[in-house]
Amino acid sequence: MGSRWQEMGEGFWNLRGSFRIGGVVDIGTHCSLARLASGRWLFLDACALDEETAAEVAMITGGEEAIEAVLNLHPFHTVYVPALHARYPKAALHGTARHLRQLPDLPWQSERCEDAALQQRYGNDLAFTIPRGVDFISANERVHFSSVLALHRASQAIHVDDTLMCLRMPLPLRWLGMSELVSFHPTLGFALEKRPKAAADFRQWAESLIDDWGDAQVLCAAHNSCLRADEVETQGLRQLFRRALQKMA
């Protein structure tokens with residue numbers, strides 16, 4: 001069996017995990033490992049790790065002591081958080097406000113993933129952004145649009161949960177000219193804040209994402225797949241992000 005970890009760029013690895021709705025339909029999930037300039041590592045989000053997959057983590061990072069922290073970036077991705085913490089209990093555990101409410105018995109750090117202080121701490125290695133104009137934690141438990149997006153500077157890889165989707169087309173469709181589809185999550189309309197100009201604020205944020213992160217080379221999306229810019233013969237992901245925003249018009 002080959003490794004489920006994919007090396008997506010310099011110091012950035014992504015794991016495609018399993019998440020079944022009702023125990024039947026597997027919509028997938030993911031987590032990533034990001035190397036810091038210090039040589040230590042961060043987990044971005046949580047997945048279930050079997051012994052083989054955990055052994056691969058040790059090979060990638062050099063061992064448990066090298067894992068500095070776990071950043072849980074999506075408020076509604078909570079299922080695998082306790083198991084990953086149990087496997088790496090020495091890693092500082094960070095989550096969003098909802099993580100702290102849902103899992104109050106875990107030893108959460110005071111700095112949350114949506115806090116500027118935490119984002120500044122790791123700012124030399126990662127850039128972070130949170131969509132504007134939408135609820136970060138929706139009152140509707142079925143609306144999972146928003147999350148903290150992270151860009152690993154060294155690899156130019158973006159780790160994103162739900163906010164952006166990347167659907168890999170089967171090879172026969174690619175032969176017919178249908179390329180990979182990057183889009184915003186379909187719950188956007190339900191996630192918009194109930195106030196005037198919320199949609200305009202979201203569009204302004206998306207334009208900033210295109211401007212600031214358009215040169216990124218890799219997109220790793222939670223429930224779909226990873227996409228490299230060179231797979232679609234573009235210099236970066238800007239064009240795909242632009243198309244995704246145009247679809248929302």
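This is a predicted model: local features need pLDDT of at least 70, side-chain atom pairs count only at pLDDT 80 or more; totals for chains, interfaces and linings use all residues.
**Reading helix faces and strand pairs**

Me: Which residues of helix 7 are buried, then?

Reply: Start with the general idea: an α-helix has 3.6 residues a turn, so residues three or four places apart point the same way. Here, the buried set is Ala 198, Phe 202, Trp 205, Ala 206, Leu 209, Ile 210 and Trp 213. Viewed down the axis of helix 7, these buried residues fall within an arc of 140°, so they line one face of the helix.

Me: How many residues does helix 7 have, and what span does it reach?

Reply: Helix 7 covers residues 198-213, which is 16 residues, and its first and last C-alpha atoms are 22 Å apart, close to the 22 Å expected at 1.5 Å a residue.

Me: Now a strand, please. Which residues of strand 11 are buried on each side?

Reply: For a strand, look at its two faces in turn. In strand 11 (residues 157-160), Ala 157 and His 159 are buried on one side, and Ile 158 and Val 160 are buried on the other, leaving both faces covered.

Me: Which way do strand 10 and strand 11 run, and what joins them?

Reply: Strand 10 (residues 149-152) runs antiparallel to strand 11, joined by three bridges, with Leu 151 opposite Ile 158. The two strands form a hairpin with four residues between them, and Gln 156 in the turn has a positive phi of about 55°.

Me: In what sense does strand 11 pair with strand 14?

Reply: That pairing is parallel, over four bridges to strand 14 (residues 218-221). There, His 159 stands opposite Cys 220.

Key:
Residues are numbered from 1 along each chain as its sequence is written. Side-chain values use heavy atoms; hydrogens and water are left out. The expected span of a helix is 1.5 Å times one less than its number of residues. Buried means under 20% relative accessible area, exposed over 50%, partly exposed in between (1.4 Å probe, protein chains only). The arc is that of the directions from the helix axis to the C-beta atoms. Two strands pair if DSSP finds at least two bridges between them.
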